[in-house]
Amino acid sequence: MADLVCRGLRDGVLEGEYAPALLIKDTLQISLGVHVFNHFLLSLSSNISSGKAQSRGLVVVAFACPPCFYVDLLRSRGIGVASLSNWIVDCYSDPLGWKDKLLNSGFSAQLSSKSHDKSSVGDVECLFRDVGDAEKLSSLVFDLGRGLVGPGKGRFSVAIDSASELLRHTSLLSVSSLINNLRSHDQVASLFWLLHSDLHEPRAILSLEYLSSMVAGLEPIASPSTDAQRNHHNHLFQLEQNSRRGKLHMRLKRRNGRVKILFEEFDVEQGGIKFVPVSLGNAIRNDAILPKVQFNLQLTDKERGDRAKVILPFEHQGNGEDIKIYDGRGPIADAPKNIFPTPRLDESASATITTSSNGGKGEIHYFRDSDEEALDTDEDPDDDLDI
Amino acid sequence: MVMEDSEAPHHLLLLRNFMSQGVLHRQPLLYASPAHSPRAFLGTLPAPIPPRTHLHTPSQQQEEDLRIAWQYKKYFGNEQMFVESHRGNHWDFCNEFDLRKSLDRQLLGAAHIDCVNLQDVEDLASLRDRCSAFLAPFARTEEGITCVGRVAIQSFCSPQCRYSNSDWDMLFFIKSLRSMLRSSNAVAMITFTPSVVSSSSVCMRWQHLADTLLSLRTIPDDDKEMAKLLTDYQDMFGLLHIHKVGRLNSQVPVILEATTYSLKVIRRKTLVLERLNQAPVDASGGGSLGGCSGSSSARLLDF
């Protein structure tokens, strides 16, 4: 559940372990990752400001949205940010330092006024101009965090707005080592970040999943239909659905080594986002994990049909027909009624009475003699067994 | 070679057992890991469980007091205790470890352990030189095996290591390590995550380079379907699958009775690999009927 994830972020890290890290990934089909990210951001901030969380401060690295967006978001929920200063790393305004270079090269009489505006807002944000250098970014994050929580044992949390933007500017290696350093730092309590999974190679996604302890993937509620004829109407319907609703598939790595898998549906509304737990049903296929069992107690249809055709060696076949005693002499279906001599003791043992009705073909007829011998009453057929 | 599951740290349990065994048998160890301080991992190595004979000595002491008539037994008992206390410093082949206790500091201090931080490794040539320097004393000679070396590399292809982009260099390193091992009395255990390796062909080559290949899978938590299929679902936390077992000097293949084992920790103490006890597919028949694999007793794997 999303609550479980929020609690994980709130409770933070135990001594000697790596900090819990949440990866939120969305795709083009269901691009509501930003809302989910904001939801977790708000819940963690409210826990921090009410003192319930292990961390004492939150550092947001803003790539995709301007810092004022986050300030307004928190303010609108009544979470006190006035007391906090310098907690947003602004990688949105000028990530590569172009405006700075333009200013320096004297081109921008018109730009200069805008840059002044930014610096006046600058008591909550810290402008970062060199996103290509992940080490510089990480040291800036650590400095800001330490500034927020003060020296000593205090911990802070980190939220990276969009790791996709970060991956655009630097390599997977730097991002992996950045996340690894954040997780293993003594003062980081938890961290989470958003990723758009169709923008990157599968290897990048898998590497980041490997580094994180919780993965929340957004999926569309209805899978896209491949039927071309019905496509158009379905497509529009799905687009409309996916713009507001979706399914959240969470995989949490637990301390005992198992993985907790949860599904929830969410609905984006005016006031925020609502999560509704959903029962799994047969969503998980365990067949791939376990080896195949060597026998099966169920019968397939073919096996059932074959079983019905087997001729039972009993007096009746159970289907209401006349009793025919089958003693292994030939197929029942071919013979007319009189072919089987019933074992009557007064009949003479003449094996020459052949009452076969199939004339003309060469066949072997075997008549067992033992049926026509009289059984002695004091002879025990089991006498010749040597027990 | 152990293929990790990216969602679970079970490979660390296997590595700990391997390294602890090496320390106990006084075999030099080279340990490489992508963590910041590999030395810290050494503190988590489990202590061995003493073999059963050691437990008899207190009871023998009590028996002595009672048996006054058979004085010779008293002397005999003393001698045995003397012999066994001497053996306290030297462990026979030990395969069972107690995960709750960590290895004696003195043993760790006395052992020859080299630690390498994989994040600091600039390129694999330097790591290769380090390995060959470590393995040089164990070169095969005419006199026979005097000492055996162990190499343990954890999470070799972690994404935060600098060389992780160069797949072919990593394959070449493993190949050269293997050739070094062939000509020396040493064994190596390498763990890696197949999902992080960039292409499936590289992954396949990696698997082929291994003499013995194991893979670990994690199991979902609180899964009712799986709880119905497996009888010991509550106790187990992962699955171990054996893909191949190394046979270097023989053409007789190893045919295992079962290739998938479940990982369990019994009473939080010992790591145990058990054959899976699976219920038949029709679980409504009322639980497992003893499964298809026979006994459920813990068996030690013997390679």
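Contact here means heavy atoms within 4.5 Å. Axes are lines fitted to C-alpha atoms, for helices over the stretch in contact, and angles run from 0 to 180 degrees between N-to-C directions. Helices (H or I, at least four residues) and strands (E, at least two) are DSSP runs, numbered from the N terminus. This is a predicted model, in which local features need pLDDT of at least 70 and side-chain atom pairs count only at pLDDT 80 or more, while totals for chains, interfaces and linings use all residues. Residues are numbered from 1 along each chain as its sequence is written, and chains are lettered from A in the order in which they are written.

Start with chain A. Its secondary structure comes to 11 helices and 10 strands. Of its 387 residues, 38% are buried, that is, under 20% relative accessible area with a 1.4 Å probe, protein chains only. The accessible surface of chain A is about 23000 Å² by the Shrake-Rupley method with a 1.4 Å probe. Carbon and sulfur atoms hold 53% of that surface. Among contacts in chain A with a separation of 6 or more, 70% link residues 24 or more positions apart.

Now the sheet of chain A. Strands of a sheet pair through backbone hydrogen bonds, either parallel or antiparallel. Two strands count as paired if DSSP finds at least two bridges between them. In chain A, 10 strands form an open sheet with mixed pairing, in the order β4-β3-β2-β5-β6-β1-β7-β8-β9-β10. The edges are β4 (125–127) and β10 (273–277) of chain A; each has a single partner strand, so one side of each lacks a neighbour in the sheet. On average, neighbouring strands of this sheet are turned by 20° against each other, direction ignored.

Helix α6 (residues 134–149) of chain A lies across β2, β3, β4, β5 and β6 of chain A, at about 150° to β2(A). Helix α8(A) touches β1, β5 and β6 of chain A, and its direction makes about 155° with that of β6(A).

What lies beside α8(A)? The axes of α8 (residues 172–184) and α9 (residues 202–211) of chain A come within 10 Å and cross at roughly 10°. That makes the two helices roughly parallel, a term for angles under 35 degrees. The contact residues include Leu172(A), Val175(A) and Ile179(A) of α8(A), and Ala204(A), Leu208(A) and Leu211(A) of α9(A). By class, the residues of this contact are six nonpolar, three polar and two charged. Nonpolar covers Ala, Val, Leu, Ile, Met, Phe, Trp, Tyr, Cys and Pro; charged covers Asp, Glu, Lys and Arg; the others, Gly among them, are polar.

Turn to chain B. Nine strands form an open sheet of mixed pairing, in the order β5-β2-β6-β7-β1-β8-β9-β10-β11. Its edge strands, β5 (113–117) and β11 (270–275) of chain B, each pair on one side only. Helix α7 (residues 167–182) of chain B lies across β6 (149–153) and β7 (186–192) of chain B, at about 160° to β7(B).

Which strand of chain B is largely enclosed? Five of the six residues of β8 (residues 213–218) of chain B are buried, so the rest of the structure largely encloses this strand. β1 (residues 2–3) of chain B runs parallel to β8(B), with two bridges. Val2(B) has Leu214(B) as its bridge partner. β9(B) pairs with β8(B) in the antiparallel sense over six bridges. Here Ser215(B) is partnered by His241(B). β9 (residues 236–244) of chain B also runs antiparallel to β10 (residues 260–266) of chain B, through five bridges. In that pair, Leu239(B) stands opposite Ser262(B).

Technical notes. Side-chain values use heavy atoms; hydrogens and water are left out. Angles under 35 degrees count as roughly parallel, over 145 as roughly antiparallel, 65 to 115 as roughly perpendicular and the rest as oblique. Buried means under 20% relative accessible area, exposed over 50%, partly exposed in between (1.4 Å probe, protein chains only).
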